[in-house]
Amino acid sequence: MSHLKERKEKICLNCGAALHGRFCHVCGQQNLEPKETVWHLVQHFFNDITHFDGSFFSTVKYLLRKPGFLSSEYMIGRRASYLNPIRMYVFTSAIFFIILFSLKTPDKIVNVKDTAEVGKGLVALAKDSARLEKNLAKEKDADDRQDIQETLGKLKIEMHVIRKMYGDTTTRLFTSTDRNLLYAQELNDSLKLVDLPVNVQNRISDAITRDRDDSETGFDVFGMHLGRYKSVAQYDSSERALPDSLRDGWFTRIIARRLIETQVEYHTDRKSWKEHFTENFLHSFPKILFFSLPFFALILNILYFRHKQYYYVDHGIFTIHLYCANFILILLMVLLSKLGEMIDVGWVHTIIDILIFVTWLYMLIYLYKAMRGFYKQGRVKTLVKYFISCFLAFIMTLILLLIFLVVSAITIH
């Protein structure tokens, strides 16, 4: 409550209602003198912060100690004593991602490396060939045998070309890119010995050259090789040359054009592209979690459709409390892990590892305990619905991850 002087006039300045006491019964505003000093503003600020912190920590206590309790309290109307679920979600998610990304940069969360490939000499390639031949002799499945035969055949051609061009060298190393180029060149040279029409030979030769250039300059994104087309105009021209049945769909065309633009921008700098993509995707996680909220509430609504006392909004409030608890528990594990990195003492590491394991275990059973506390069903029914909800949530999250992976790739700038 503010310590400002109460107005003598009994008319609310906010809505104009007649007053009976210090607060307006219509809008809730206090009937105070509108003129404030700087000290009053400072007091008001700290009172609000203290009130928010107090309600937040008391709410967190019930959130973690009594899963499902806050959702039950909200459902029956006891809300003033606890922090509003929406405010709590915004606050906990913001704190979670701010601390997470301040402790670990995107390139450390997902280790982005650009290490040079280690080449192989003829001796190593001969060992690979012998290993493949042994696997071929043991393999019974026809499809697997065919895959091994193709790999073995390509490897033998590569070894033949290396011996033809460099002799039986034992010191020179060849990366997979080197061997692909030699393999492509051998196929290209072999076309001259085959009795094929000139135009067919030229088309095959162009395809081999294109694949060779691709292996040297391009990189793959979602099955699309970005080195295949050097511009959007080239891609569009190639699409127009194909019959309608072989052209990409409208959605694929949109993605392909954007990926080609990205490839032109980043050219052969794979590391830079991966760093931008990783940062883009990781900063999409708050959006993924936000979009998953209504879907998880829908899953619960379907699982408990026979319980008419629960509305969709009730499942939504339960989901918000669940997400807030997970934010806090995951953040606790991250902070414990960071503390373990800072303190180089064996017994401290052991204690921290135990605490992280216990927190992780509690997070796994938290949903089950919350469902038991909120929906008040028996252990067996709750356990069955727990596993069903986890499975459906996994599918939902996987779909959202794939969607945001595509979005992250085509929105790189």
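I started at Ser 71, which lies in helix H2 (helices are DSSP runs of H or I, at least four residues, numbered from the N terminus). This is a predicted model, with local features needing pLDDT of at least 70 and side-chain atom pairs counting only at pLDDT 80 or more, while totals for chains, interfaces and linings use all residues. Residues are numbered from 1 along each chain as its sequence is written, and side-chain values use heavy atoms, with hydrogens and water left out.

I checked burial next. Ser 71 is buried, at 3% relative accessible area (buried is under 20%, with a 1.4 Å probe and protein chains only). Leaving out residues up to four places away in sequence, Ser 71 touches Ile 317, Phe 318, His 321 and Phe 374 (contact is heavy atoms within 4.5 Å).

Then I looked at the helix pair. H2 (residues 69–76) packs on H13 (residues 312–342) at about 145°, axes 9 Å apart (axes are lines fitted to C-alpha atoms over the stretch in contact; angles run from 0 to 180 degrees between N-to-C directions). From H2, Leu 70, Ser 71, Tyr 74 and Met 75 meet Asp 314, Ile 317, Phe 318 and His 321 of H13. I sorted these residues into five nonpolar, two polar and one charged (Ala, Val, Leu, Ile, Met, Phe, Trp, Tyr, Cys and Pro are nonpolar, Asp, Glu, Lys and Arg charged, the others, Gly among them, polar).

Last, I looked at the lining of the largest pocket. H15 (379–410) gives the most to that lining, with eight residues. The lining residues come out as 23 nonpolar, four polar and no charged.

Conventions: Helices (H or I, at least four residues) and strands (E, at least two) are DSSP runs, numbered from the N terminus. Buried means under 20% relative accessible area, exposed over 50%, partly exposed in between (1.4 Å probe, protein chains only).
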